[in-house]
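Q: Could you please show me how to read aromatic contacts and burial in a protein model?

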Amino acid sequence: MYCVRKVTKDVFWVGANDHRLHLFENIHPIPLGVSYNAYLLLDEKTVLFDTVDWSVCRQFLENVEHVLGGRDLDYMVINHMEPDHCASMEEIVLRYPNVKIISTEKSFMLMRQFGFKIDNQELIEVKEGDTTTFGKHTVAYVEAPMVHWPEAMVTLDLTDGILFSADAFGSFIALDGKLFADEVNFDRDWLDEARRYYTNIVGKYGPHVQHLLGKAAKVLDKIKVICPLHGPVWRDDFPYLLDKYQRWSTYTPEEKGVLIAYSSMYGNTEAAAQNLASKLCEKGVTNIRVCDVSSTHVSELISQTFKLSHLVLASVTYNLGIYPVMLDFLEHMKALHVQKRTIALIENGSWAVKSGDLMQEFIDNNLADMTILNERLSLASAMHDDKAVELEHLADALVESINNTDVK
């Protein structure tokens, strides 16, 4: 049974939702599911914009067949050929053997690398600034390399102002019937998952996103609808969405606040983290997230690090090194180019208190534009009364830094 929704008079959503997948890219938990979006234009020519993951191919094919209503499929535009969007392409070719495929040179190269059988089709290679007319609709192609793969492009329908934005402006969470962002409370229910999607999937490529945003700014007055490959379609409130992407892609905090991320073997480092959180609240700083790095998925830690202005890393010393899950968090920050944060350190150890120095060394050598507070809480096995002054000084330093941080 088909399940489609109309985006505009001539464009239909023909994607599908997936609640069975537990790990997106086999890494990131998606407890609320994910959508794979594809769009079909009915004009003098019929045009499919991208496909879907193999896991939802059957629903997708039923949707395409229904919208076509017996017509042939003339064109398939592939904006982004990552398999979660391109895996069903061969099924389209089998059913619509006359379809012409439009994409970039690198995209066709990667399709062949993945073993997609495309060379019996007419392939139309496009580049920045090229246009195609399908009847009353004319589209322009805009290259978007490294957002977040090198072959990516976005396509702008110049007739109706629809931006088919590939993975840009996407989000975790299955749509479950609610196609448009204005049909949900996005700030309350979707923003955290949209941030987690961006920061972990695209976060490393902030300069490339900035370049794409610069291109979009030149035609912003022409854009009426944004159709990403995951998550809801946007048809209003663009300033809200663009502000989030501007902040995330420049590594600018969204809010004044602090993430306290701790690693604790027997609860003593955790107790220090909780003590610090309590002190901060007493001093008026209540925008606090406390996370155990052993039980909080690193994608959530990264998302909260992008969100908040300050970060406390509290780690036990383990085999004379940083506790492994805390080191993994640091490595993820390095891989995703996290920057422009103020960091405080809490260290613990029984016979060798090394984790604070090692965390500071890692940050100094691998993370750009980070400020590490001079105040540090250093523990030997557990926190005792003689550490109350150190805790107070650390809390005061954080409060002063947070209050002096300019986050609009």
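A: Let us begin with one cluster. Phe169, Tyr198, Tyr245 and Trp248 together make up one aromatic cluster. The model is predicted, so local features need pLDDT of at least 70 and side-chain atom pairs pLDDT 80 or more, while totals for chains, interfaces and linings use all residues. Residues are numbered from 1 along each chain as its sequence is written, and side-chain values use heavy atoms, without hydrogens and water.

Q: How is a pair of aromatic rings described?

A: A pair is described by the distance of the centres and the angle of the planes. Rings of Phe, Tyr and Trp (its six-membered ring) pair if their centres lie within 6.5 Å; planes under 30 degrees apart are stacked, over 60 edge-to-face, and the rest tilted. This rule gives 18 aromatic pairs. One of them, Phe169 with Tyr245, is tilted, at 4.6 Å between centres and 50° between planes.

Q: Are Phe169 and Tyr245 buried or exposed?

A: Buried means under 20% relative accessible area, exposed over 50%, and partly exposed in between (1.4 Å probe, protein chains only). Both Phe169 and Tyr245 are buried. By contrast, Asn319 is exposed, with a relative accessible area of 68%.

Q: Which charged end sits over the ring of Phe180?

A: A charge sits over a ring if NZ of Lys or CZ of Arg is within 6 Å of the ring centre and within 35 degrees of the ring normal. For Phe180, the charged end is that of Arg235, 3.6 Å from the ring centre. Likewise, Lys100 lies over the face of Tyr75, 5.5 Å from the ring centre.
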